[in-house]
Structures are given as C-alpha cells and as structure tokens.
Amino acid sequence: MGHRIRVQRKGRSPNYNAHRKGRKGPAKLRQLDTHEKNGYICGTVVKFLHDKGRGAPLAKIRFPLLNANGATEDKIKKSKGLQTITVAAVEGLKQGQRVFFGDKAALEIGFSYCGY
C-alpha cells in the first residue's frame, strides 16, 4: 500500500493554514474616473501597515474628492472630503510623499502605479 505523501499530510494539519484574521483589507487601486483618464490626480501617503500573511507592507494613500470642474471641494469637512485607498507599498515609498495617479502622471522612483 505505501504511505501518504507529505503534501497530503500537510493538508490535514491545522499548522499550514493561512492567517485569515486581522487582515487590513484588500490592496486595490482607486476607481478609474475622468480625472485619471484625461490627466492625473495627486495623493499623499498617510501611513504604512503590516498585513498578516502578506510579504510586502501596505501603504494608505489619501486623495481629495474632486467636483465636476476638477476643483477640490472646500465646503466638505476634511474627514469626509478625502478618499483613502490601500495599495502594496513599493520600494522607495516614504510617508508624506505625494504620488500621482493617471495617464499623464510622470513616473517617479518610489511609486509605480502611475497611469493604467
């Protein structure tokens, strides 16, 4: 008959399960809009997070909400007038750094998500 192979033994054990609790959320780009299609939008790196079960750190990036004319909405309170996304942090990214998203964004060292 023979023995069960190593992979079969690992599948039964609880020691090899993924860490599913305590995750910080999915790493996603912001939803593509007209500001990114026709130009670019600027965001600021707020903080870095460690996510369980992930090798790279996550970066929280905050963007201002824009109205239809492209100007920032000053009437909205500061906490409600910002959109925050979480992305995988690239090498060279710093806290407080400004990053640009969009078709016409210039590529810089420290952030590779500029443009689609």
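E36 counts as buried, at 0% relative accessibility; buried means under 20% relative accessible area, exposed over 50% and partly exposed in between (1.4 Å probe, protein chains only). This is a predicted model, where local features need pLDDT of at least 70, side-chain atom pairs count only at pLDDT 80 or more, and totals for chains, interfaces and linings use all residues. Residues are numbered from 1 along each chain as its sequence is written, and side-chain values use heavy atoms, with hydrogens and water left out.

**Overall layout**

- The protein chain has 2 helices and 4 strands. Helices (H or I, at least four residues) and strands (E, at least two) are DSSP runs, numbered from the N terminus.
- Read from the N terminus, the order of elements is α-α-β-β-β-β.
- The protein chain has 116 residues, and 24% of them are buried.

**Salt bridges**

- The whole structure holds 3 salt bridges. The criterion is a side-chain nitrogen of Lys or Arg within 4 Å of a carboxyl oxygen of Asp or Glu.
- E36 pairs with R30 at 2.5 Å, N to O.
- R30 also meets D33, at 3.5 Å, N to O.
- R30 is buried, with 9% relative accessibility. D33 is partly exposed, at 22%.
- R54 bridges to D51, with the closest N and O atoms 3.1 Å apart. R54 is partly exposed at 30% relative accessible area, whereas D51 is buried at 1%.
- Shared partners link R30, D33 and E36 into one salt-bridge network.

**Nonpolar core**

- The largest nonpolar core has 11 residues: I41, V45, A59, I61, F63, I85, V87, A89, L93, V99 and F101. Such a core is a set of buried Ala, Val, Leu, Ile, Met, Phe, Trp, Tyr and Cys residues joined through side-chain atoms within 4.5 Å.
- β1, β2, β3 (82-88) and β4 (98-102) each supply at least two residues of this core.
- β2 gives the largest share, 3 residues.

**Positive surface patch**

- K21, K24, K47, K52 and R62 form a patch of positive charge on the surface. Patch residues have over 30% relative accessible area and no salt bridge; like charges are joined within 9 Å, nonpolar side chains (Val, Leu, Ile, Met, Phe, Trp, Tyr) within 5 Å.
- Lys and Arg count as positive and Asp and Glu as negative, while His and the chain ends are not counted. Each charge is placed at NZ of Lys, CZ of Arg, CG of Asp or CD of Glu.
- Accessible areas come from the Shrake-Rupley method with a 1.4 Å probe; for residues, only the protein chains shown count as cover.
- K52 sits in the loop between β1 (40-49) and β2 (58-64). K52 is partly exposed, with a relative accessible area of 42%.

**Contacts across the chain**

- A27 lies in the loop between α1 (6-12) and α2 (34-38). A27 is partly exposed, at 35% relative accessibility.
- A27 and L58 are 31 residues apart along the chain, and their C-alpha atoms are separated by 7.4 Å.
- D103 falls in the segment after β4. D103 is partly exposed, with a relative accessible area of 48%.
- D103 and I41 are 62 residues apart along the chain, with 9.6 Å between their C-alpha atoms. I41 is one of the residues of the largest nonpolar core.
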